[in-house]
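Me: I have this model open and would like to go through a few spots with you. Can you take my questions as they come?

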2 protein chains.
Amino acid sequence: MEKKEISRAVINRLPRYYRFLKELEKEGVERISSLELSRALDVTASQIRQDFNNFGGFGQQGYGYNVQHLKEEIGKIIGLDQCYNMIIVGIGNLGKALAKYPGFANNGYSTIGLFDSDPAKIGTVINDIAVRGIDELGSFAADNEVDIAVICVPRTEALKTASLLVEKGIKAFMNFTQADLEHELPDGIFVQNVYLIDTVMLLSYDLNNSKK
Amino acid sequence: MEKKEISRAVINRLPRYYRFLKELEKEGVERISSLELSRALDVTASQIRQDFNNFGGFGQQGYGYNVQHLKEEIGKIIGLDQCYNMIIVGIGNLGKALAKYPGFANNGYSTIGLFDSDPAKIGTVINDIAVRGIDELGSFAADNEVDIAVICVPRTEALKTASLLVEKGIKAFMNFTQADLEHELPDGIFVQNVYLIDTVMLLSYDLNNSKK
């Protein structure tokens with residue numbers, strides 16, 4: 001496939017398109033026009049066409065797009081034609097909730113390892129996976145094919161943990177700590193941050209500025 | 001304060017500035033230049049100055065900004081000079097983890113109510129708060145000052161739950177479901193989505209496109 005530089009804003013919209021198309025497919029909808037997509041997603045039809053044109057346009061013919069085809073094509077672009085192995089490091093409240101989160105497995109993300117430093121947690125089983133000691137993290141990452149590491153350790157441990165995993169070849173991180181991993185890890189490493197505090201602060205901003 | 005339209009991109013960066021300044025303050029740093037800020041945050045110094053100019057510039061004098069002053073001013077803009085009451089609706093694994101998440105209380109967000117429809121959960125106590133039945137949600141929201149509702153119910157219940165809360169006067173939602181609340185709730189309601197699946201899909205995209 002010919003590769004041109006695709007803007008991050010376009011890429012960021014792909015999961016939403018994909019999820020919506022998956023819902024439509026489940027509901028048995030076979031075709032959808034860009035106008036209908038646009039109404040449902042509150043994005044202009046022209047934006048949708050422009051977004052899709054980045055990937056060759058997905059062959060809209062006559063009345064709209066074939067839902068299943070479009071879903072599969074967008075899925076392929078995202079990389080959902082393959083499965084991914086994840087590990088979760090830090091099995092506190094959030095790590096434990098993520099270990100039990102069905103959304104990952106439902107979308108092709110298998111959790112294959114859980115790690116914590118707390119002896120009381122090591123050996124406990126969550127969703128059929130036993131929590132391992134953090135001292136096993138490096139060898140596990142070296143011996144297994146791990147695509148994505150979910151970082152739920154305390155903030156002060158985040159960079160050390162991620163750096164070890166980068167050394168063992170892991171390239172993608174979902175970061176739940178407040179650490180700024182993105183800027184501290186080497187180039188070519190991908191970080192997605194879930195900054196819960198930032199999210200709630202943005203709501204404060206909106207509440208505050210709507211009152212005035 | 002004179003109000004001009006401030007772009008969402010600028011607003012979205014405020015929590016990160018705030019968190020970084022809070023760390024600096026903790027470490028006892030008194031002054032910081034925009035160049036140092038820029039290096040630490042991997043944003044250009046000119047971007048930082050432009051961002052700050054939206055709010056009057058925060059009086060950089062001589063060598064850089066006063067850290068405490070800058071933190072407080074940005075905090076005020078975000079609305080962190082006040083406290084906020086939160087409720088969490090849906091006490092599954094994720095809701096429970098959020099109920100225990102110390103980051104909220106540490107930043108002025110008090111959780112004052114937890115709600116679930118599961119009789120086995122109702123009455124259980126998490127962080128000193130008893131889980132209430134979902135049937136009490138409307139009256140609780142009407143009788144208490146709730147600023148922010150965290151939505152962790154199943155996707156199919158999300159819109160119904162949020163709509164009830166909007167009726168009772170709640171304006172801000174942190175949405176952990178895959179529902180598209182933002183576009184389904186009335187104007188003037190603020191939604192921040194934490195789409196965990198989208199986040200992990202973006203990592204797949206990056207992994208996939210770096211391999212080629």
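Me: At what angle do H1(B) and H4(B) pack?
Reply: In this predicted model, helix H1 (residues 8-26) of chain B packs against helix H4 (residues 67-78) of chain B at an angle of about 145 degrees, and their axes are 9 Å apart.

Me: And is the crossing of those two left-handed or right-handed?
Reply: The crossing of H1(B) and H4(B) is left-handed.

Me: Which residues meet there?
Reply: From H1(B) the contact includes B:Leu14, B:Tyr17, B:Tyr18 and B:Leu21, and on the side of H4(B) the residues they meet include B:Leu70, B:Ile74, B:Ile77 and B:Ile78. By class, the contact of H1(B) with H4(B) has 11 nonpolar, two polar and three charged residues.

Me: Switching to strands, what does E6(B) pair with in the parallel sense?
Reply: Strand E6 (residues 129-133) of chain B pairs in the parallel sense with strand E4 (residues 109-116) of chain B over three bridges, and B:Val131 in E6(B) is the bridge partner of B:Leu114.

Me: How many bridges join E5(B) to E6(B)?
Reply: Two bridges join strand E5 (residues 125-126) of chain B to E6(B), and these strands run antiparallel, with B:Ile126 having B:Ile129 as its bridge partner. The hairpin they form has two residues between the strands, and B:Asn127 in that hairpin takes a positive phi near 45 degrees.

Me: Where is B:Asp118, then?
Reply: B:Asp118 sits in the loop between E4 and E5 of chain B.

Me: Why does B:Asp118 count as partly exposed?
Reply: B:Asp118 counts as partly exposed because it has 13 C-beta neighbours inside 10 Å, and a residue would need 20 or more to be buried, or 12 or fewer to be exposed. B:Asp118 is also 9.1 Å from B:Gly90, C-alpha to C-alpha, although the two are 28 residues apart in sequence.

Me: Over to chain A: what is the strand order in the open sheet of seven strands?
Reply: The order is E5-E6-E4-E3-E7-E8-E9 in chain A, with mixed pairing. Strand E5 (125-126) and strand E9 (190-193) of chain A stand at the edges, each with a single partner strand, so one side of each is left without a neighbour in the sheet.

Me: Do E3 and E4 of chain A run parallel or antiparallel?
Reply: Strand E3 (residues 84-89) of chain A and strand E4 (residues 109-116) of chain A run parallel and are joined by six bridges, with A:Ile88 standing opposite A:Leu114 in E4(A).

Me: What does H8 of chain A lie across?
Reply: Helix H8 (residues 155-167) of chain A lies across E3, strand E7 (148-151) and strand E8 (172-175) of chain A, and runs at about 170 degrees to E7(A).

Key
Residues are numbered from 1 along each chain as its sequence is written. Chains are lettered from A and ligands numbered from 1 in the order in which they are written. This is a predicted model: local features need pLDDT of at least 70, side-chain atom pairs count only at pLDDT 80 or more; totals for chains, interfaces and linings use all residues. Two strands pair if DSSP finds at least two bridges between them. Helices (H or I, at least four residues) and strands (E, at least two) are DSSP runs, numbered from the N terminus. Axes are lines fitted to C-alpha atoms, for helices over the stretch in contact, and angles run from 0 to 180 degrees between N-to-C directions. A crossing is left-handed if the near helix is turned anticlockwise from the far one by less than a right angle, and right-handed if clockwise. Two residues are in contact if their C-beta atoms, placed from the backbone, lie within 7 Å. Ala, Val, Leu, Ile, Met, Phe, Trp, Tyr, Cys and Pro count as nonpolar, Asp, Glu, Lys and Arg as charged, and the others, Gly among them, as polar.
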